[in-house]
Amino acid sequence: MDIAIFLIQVLNGVQYGFMLFLVASGLTLIFGVMGIINIAHGAFYMIGAYLAFWLTGVVGNFFLAIVLGIPLMVAIGYAIERLAITHLYHRDHLYQVLLTYGLILIFNETQKLLWGTGFHSVRVPAILAGSVPLTETLVYPHYRLFISVVCLAVAAGMYAVISRTKLGMMIRAGASNREMAQALGIDIGKVFAIVFSLGAALAGFSGMIGAPVSSVYPGMGDEILIVSFVVVVIGGIGSIKGAFVGAMLIGLADTFGRVLLPELAAMVVYSLMVMVLLWRPQGLFGRPA
Amino acid sequence: MTRSQSLAGLLCAAVLGLAVFPWFAGEFYIGLMIRIMILGIFAMSLDFLVGYTGLISFGHAAFFGLTGYILAIVTPESGPVTLWYALFMCLSGSAIAALAIGWVSVRTSGIYFIMITLAISQMFYYYFNESVELGSSDGIFIFHRPIVALGELTLIDLGDEFTLYYFVLVSLAGSYLALMMVLGSPFGKVIQGVRVNEARTRALGFATQRYKLVSFVISGTLAGYAGFLEATHTGFVSPATLGWHESGTILMIVILGGIGTLYGPVLGAFVMVFLQDKLQEFSELWLLMMGFFVVAVVLFLPHGIAGLIARLAGARPANGAEETGQDRKPAVPAKAGGAADGGGAE
Amino acid sequence: MIKKQSLTTTRRRFLTGTAAATGLAVAGSALPTRFAIGAMAPIKIGILLPYSGTYAQLGNAITDALKLRIEQAEGKLGGRGVEYVAIDSEMSVPKAPTNTEKLIKKDEVDFLVGPVHSGIAAVMAKIVGGRETPIMIVPNAGSNEVTGELCAKNIFRTSFSNWQPAYPGGELMAKEGHKTAVTISWKYGAGIEMMGAGKDAFEKNGGKVVQEILIPFPQVEFQAHLAEIAALKPDAVFAFFSGGGATKFLQDYAAAGLKDNIPLYGPGFLTEGVTKAAGAAAEGIKTTLHYADTLDTDANRNFRAAYEKATGRSADVFAVQGYDTGSLLLQAAAAVNGDISATADVIKAMEAATFPDSPRGDWRMSKSHNPIMDIYLRQVVDGEQKLLGVAAKALEDPATGCKLI
């Protein structure tokens, strides 16, 4: 392929990677800090998308919808943590998987009750509806560039919070050694609630800004969930940096895979994970077990 | 009467009940019960791995679907294939697959084992999903059920629903007994030792990797057998049979039924399918109710349904830790071996 | 400790009681309970259609139109009332065997209407074809084999075979002067068959398909492939998507700037029922289908008015197919005065059915039980499917492999 098309596919891959990163970072934080396997994480992505769809209809403005949606996502995440997740801290992974699987069923069905079973589109807001010409036939939508920029900003913000603030320090402490952190007076319960709400909000936000390009439909959370797990495992559990690198890797592999190896495209992502696990079982940036 | 005697009695009664069931039930429910029994075999195979060896596989459906495809490939459109040939192809296929997948997977443990089994089963899924010759996402048919024939004489025609029912029932009982025998043998003791404390078992001089691998192969082959029965029954297989949803559902059935009991997962299969059937009739919101049911089970029934029955029968809880819901040592240490490093500080 | 003990006992007793009651209920429900009530019992119509996901709007359109047609006949089939039993197929092929068995064996329906998805149709056809009853009517799925290798006496179709709307589309592309094309669709029965038919027609008329893109069903992430198409620079693109997927494809195609440079063609489903949602992205696209909104007949006008009044939506080809299914059922029941146990007579009546009030124009059943009908050329103008002409007259599907012909 010529250089212009190559660059376009890179752009596509990076944009997909960014959205994956938002979802995966929440997942890796939850697992790394709280030790919880939350397979309902994809549902947060879906809830975010439906919130974007619904709120845009209610307030008429997409950006306003997002501004309103974010605190809603945080609240939902907090509620779930208090009601269900608290019971899982001392339980076996199997039970975490099972309970969060039950949560998926509940979320999916509640969503169908509230918003029906159809396939919904969310219009790209007018100021971002243009596109930038890349070749004589192809243009690249401004909105997709916007997504990448926003995700980059969020990633930078996360880095700042985790490495520079007191909250971030508490999170890192809780991740390294929960009991010690508690002994030193850190309210680990509060940290967990914050981490979970943050994770849910990140996934929900990804769903929200992604809604205009991915459309909104039942079951959309399932697809991104499994890929997010792959990203987390490749990157290393608990590592935000790993989630970023993993997400970019998967985003690019998936995009190029579809075009270069359509027969094997889907297998590429999983083969990557198997290779990483065989070479470095703890993931690229994870701590050795 | 000791507890194990009363358990044996209950199980015999259950098998007897299943044996006379077709004489009372309508066509639809016979088919449903066949499905339940097949799922029961599948669930037992996973329990052998999860409940007794301590390896949590999230990709077990790969074996379940693989044999379905093998059966579809070996069954010509023109007529049935003999049972022995079909069984040989299917079981050796799933055994080889289990050997290959197991060899790669048992090097890892905990969450990574879960993920790698998931990843490999997804690869199988996508392979079949992409394959146009095998029907891609639409799946492929098995036009005739296998038969046992001696020359011109058809001895067992699985095309007859009654015959298939009893064939599956015998398979269910047989699998249970076979697995119990394996678990009671020295080999079985070692793999249970692996689940309780692998390091100590290794310290005792056992090559635990090898034991885990053999356990994986046994489990995978039995799951393949269940898949063979399923494909025979429905006459159809599709990539979704191998998908992670299927793997997740069967894991859920095992946990629901009660891990580490073998009969518990069969009970779990029964409850799940029947519940689904009844709830579907009852309300459109049945999946929602299922979700709450699952959450309730996790919160209130830590030992699954088998544990519930054991409690009702007056037995004491397994570790006395029932109140906190902590039943076994977690498969992965709580810290999950990871840390949130400073958001990309390095 | 004593307090906990008594709590456990009470809880145990409660749970025992519940378990026993549940066990009894479960055992009881397994007993067959259908008692013959007699010929005046309502006719049971089983429906297996998607009510969720990307094809939900199709399932709803077909169901609403079917019920409308029967309502127009005072809600009676051959003098008997009608009872509907609907299951959401969820477009799930693996659940299809169970869903079908349920309708046939548990609910014991007299007629089975469905599905939308070609893969599910094949599964249903295989099950139904091996039995005498029920009679199956396919109101959408175009899987060629349903009236091909899997055809059977008790299987009818009121929609189309995947070959029928696609073949003229390929011819159209060639006629409009295009020499190279790229085909793109979902990788499942319908997509593969339609692209195959279009490619066949295009190449027989002097064109060349330079690339065939197949995306796993039902994914809607098209970005990478749109860039691929742009790189290949074909004269035209031949696409099949339907429902929500079609909306997304049209929007993405326009947003990538390809719409103005590389004209889009395809079987009518690409733009059917989605013009409102897709808006400007669908304008001007020419497709071939067995229906067009602006067909100037009384039958069509009356139908469109009645459908809009009943549902608040504009009618599309899926509604038409549902409507014709209702007509077929009415004729079948009328011919035997409601006594549908006379299966052979019912089938004869269905084979001879005529559709003078069909919004698509009169059509009839082929020997393989598939419609023989006109295929129209339409173009999206101001959000409406404007009729430009007839692309193929009385087109009959070749029905390869059908034992009935």
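In chain B, 53% of the 346 residues count as buried, meaning that 20 or more other C-beta atoms lie within 10 Å of the residue's own, with C-beta atoms placed from the backbone. Take the contacts in chain B with a separation of 6 or more: 77% of them are between residues 24 or more positions apart. Contact here says that the two C-beta atoms, placed from the backbone, lie within 7 Å.

Quick housekeeping. This is a predicted model, so local features need pLDDT of at least 70 and side-chain atom pairs count only at pLDDT 80 or more, while totals for chains, interfaces and linings use all residues. Residues are numbered from 1 along each chain as its sequence is written, and chains are lettered from A and ligands numbered from 1 in the order in which they are written.

On to chain A. There we get 11 helices and two strands, and along the sequence they run α-α-α-α-β-β-α-α-α-α-α-α-α. The radius of gyration, taken over C-alpha atoms, is 19 Å for chain A, close to the 19 Å from the globule rule for 289 residues, so chain A is as compact as a globular protein of that length. That rule is 2.2 Å times the number of residues to the power 0.38. Buried residues make up 60% of chain A.

Now, where does chain A touch chain C? The contact takes 24 residues from chain A and 27 from chain C. On the chain A side, α1 (3-34), β2 (139-141) and α10 (240-260) each supply at least two residues, and α1(A) gives the most, with four.

Last stop, inside chain C. Which residues of α3(C) and α4(C) meet? From α3(C) we have C:A96, C:P97 and C:T100, and they meet C:I120, C:V123, C:M124 and C:I127 in α4(C).

Conventions. Buried ≥ 20, exposed ≤ 12 C-beta atoms within 10 Å, placed from the backbone.
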